[in-house]
Amino acid sequence: MTALVWRRWGARVGAAWAMAFLATTAQADPATRRPVELFASLPLLSHVVLSADGQQVAGLLNEGDRTVVVTRAVDGEKLTGVLSNNNQEFRIRWVRWVGSERLLVSVEFASRRQFVGTAETRLLSVKPDGTGLFPLIESPSVAGGLMGSRVTQQIQDRVIDWMPGDGQHVLLALSEPGGVLPAVYKVNVATGARTMVKTPERDTYTWLSDTRHRVRVGVRDTGESHEVRVCDPDGKNWRTAWKWEHLEDAVTPLGFGADPQELYVAAYHDGRLAVQSVRLDDPALARTVRFSHPAQDVYGALVRLPGTGEVIGVRSGDSEGDGPGARPELWNPVWRAQMRAVDAGLPGRENRLLQISTDGQRYLLHSSGNGKPGVYYLGDRRTGDLFELGAMYPGLDPAALVGKHPATIKARDGLDLNAYLTLPAGRRNGDGGPPLPMVLLPHGGPHSRDDMDFDTWTEFLADRGYAVLQVNFRGSFGYGHAFTAAGLKRWGLEMQDDLTDAVRWAAASGIADAGRVCIVGASYGGYAALMGAVKTPDLYKCAVSFAGVSDLPDLIAHWSDYVLGREAIEMLVGKAWGDRERLRATSPSRHADQIRVPVLLAHGSSDRVVPVDQSETMAKALRRADKPHQFIEFDKGDHFLSRYTHRLAFFKALETFLDQHLQPAGPAAQRS
């Protein structure tokens, strides 16, 4: 790289808020705790996207509880506020350019259909100057009542093809009002006019198109089996390419190459997911491995050259590119060299290629790392320059963050567990210092994973004087089929034992004070926190569950209300009748009498992933058992603490609760 030019995104919209935010940080004494607001804040900037011509960028700017869709000319300084939302009735999920003249904005909100709680999505179309705003999908009125009624589709933002080079249309998978099986429509983003290009098919919930925008792949899911059906470029000769019932046999289509007969898939190779290509005109469907890793799964969205559609790599992990694990693996030699140059200009970070302009000259990056919050950059291949567009957490100085230390923990049955340890400032791993109060922080999912990337939760807890231990227990995703499958239907059993073994390892290593350990988690991590307090009541000093599961039979009943929900949850957790004794034995709310430590519960009332009644049930069980507990319910809160006020309230409650029961010593325990 020939130059690095730093430019802050928030120069106009939200400038006063951002400056006050940064001033608060500057005034914080490093010997005391930094303000909780720094860690509880939503990213100042997120979901940045580049227009097709490379001349404009757009993104989401968060100001407290307000989210603003903003745009800016690449060569300008002024930000334009396109759409603003207070995040009370709905939240903005993402923004994306269609060509260079229109933006599509996805919004989500909680609703109910026939007494079943739903998460609904809508698409808004708007010009980059904020004019011409309208809902992309207009739902027709249907008969019923004096005035008629309007029935809408629940999910309206499943874009399957952004049609690069067109600039006016997208292909959208959309069901009929009240239906669930999607057809595919070609939709004009300036008018909303749509034309069906593929009719719905039995049990088919996923469609893919080739680079010429022809629908060529459909994935059937009966709940018992899965089937990938493909057709020829002329739309004829639909046939079954792969069919499977077991996870290890799965073949997941990722997309087509520039050649309309070349399909990329993710499938297991030597026990690990690998990206492979297959020619659909080959009757044998022989697969060629394009990228694999000897120890980790490789999967995710394809990275393309927008001008030709050529596949140049895969973005392993998060398809949106904002999250950890989304670094592309590139096999195109030109772009491999380009990213090596980026890595040299931004050393010690994970630099992720997000988008490339149609002419191939400008590109968008997201860069973050261990103890290094995310920053967006714009690269220009003509000049070799790399410009900073803005930081996600400008109030958190990387120099004051502590980062994580990798560790390998041996489970009781000999299985190696990948783990990460975060220590307060001034402490180094293995420095022989006194044992610390520790927070065990199991991840959600449970089929997800922790990694080395920046994490506000671990940095917040370390700033408060705690060691933090994260463990990729069996069932975590990314370590091959056998490791993931080892967690199926093992909630509260070996999965929980892995967490117990991790705490004992930390105590035996002199890291953790065995008498001052708290288990804290969200979603599945919240379940693990509650189950840890039940199963090993003497191991923890306290337990914290945000949006956690407490009753497994009730969770199965909840998910059985959704299409294919029962089949999915039974594979993950078990069958309500056939596995009822195991499910009852591993449901924390049914064993509240065994808990001996204080419990903090928190949950959003509009959570559509884990319903709030899971925490309500746990609170009632603790109350009946006369166990010390606190329950915080966030009005209209979701599963992800998407509102800043909810996140701030939870972080403050967590801080107070941990201080009361773990009593950290030293300067970090002082109140700022």
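**Figure 1. Arg-474, with a relative accessibility of 8%, counts as buried.** Here buried means under 20% relative accessible area, exposed means over 50%, and partly exposed lies in between (1.4 Å probe, protein chains only). The structure is a predicted model in which local features need pLDDT of at least 70 and side-chain atom pairs count only at pLDDT 80 or more, while totals for chains, interfaces and linings use all residues. Residues are numbered from 1 along each chain as its sequence is written, and side-chain values use heavy atoms, with hydrogens and water left out. Arg-474 forms a salt bridge with Asp-413, and the closest N and O atoms are 2.8 Å apart. This pair links distant parts of the chain, 61 residues apart: Arg-474 is in the loop between β34 (467-472) and α5 (481-485), and Asp-413 is in the loop between β31 (405-410) and β32 (416-422). A salt bridge is a side-chain nitrogen of Lys or Arg within 4 Å of a carboxyl oxygen of Asp or Glu. Helices (H or I, at least four residues) and strands (E, at least two) are DSSP runs, numbered from the N terminus.

**Figure 2. Arg-474 also meets Asp-498 in a salt bridge.** The N to O distance between these side chains is 2.8 Å. Asp-498 belongs to helix α6 (residues 494-508) and Arg-474 to the loop between β34 and α5, so the pair ties together parts that are 24 residues apart in sequence. Both Arg-474 and Asp-498 are buried.

**Figure 3. Strand β34 is largely enclosed by the rest of the structure, because 6 of its 6 residues are buried.** In a regular strand the side chains alternate between the two faces of the sheet. In β34, Ala-467, Leu-469 and Val-471 point one way, whereas Val-468, Gln-470 and Asn-472 point the other way. Strands β32 and β34 pair in the antiparallel sense over 5 bridges; Asn-418 has Asn-472 of β34 as its bridge partner. Two strands pair if DSSP finds at least two bridges between them. Strand β33 (residues 436-440) runs parallel to β34 and is joined to it by 3 bridges, with Val-439 opposite Val-468. From β33 the chain crosses through helix α4 (residues 456-463) to β34 in a right-handed β-α-β crossover. A crossover is right-handed if, with the strands pointing away from the viewer, the path from the first strand over the helix to the second runs clockwise.

**Figure 4. A salt bridge joins Arg-91 and Glu-108.** The distance between their side chains is 2.9 Å, N to O. Arg-91 lies in strand β6 (residues 91-98) and Glu-108 in strand β7 (residues 102-113), so the pair ties together parts that are 17 residues apart in sequence. Arg-91 is partly exposed, at 23% relative accessible area, whereas Glu-108 is buried, at 18%. A search of the whole structure finds 42 salt bridges.

**Figure 5. Four strands form an open antiparallel sheet in the order β6-β7-β8-β9.** The edge strands, β6 and β9 (134-135), each pair on one side only. Strand β8 (residues 116-126) pairs with β9 over 2 bridges in the antiparallel sense, and Ser-125 stands opposite Phe-134 in β9.

**Figure 6. Another open sheet has the strand order β2-β3-β4-β5, with antiparallel pairing.** At its edges, β2 (45-50) and β5 (80-85) each pair on one side only. Strands β3 (residues 56-63) and β4 (residues 66-73) are joined by 8 bridges; Gly-59 stands opposite Val-70 in β4.
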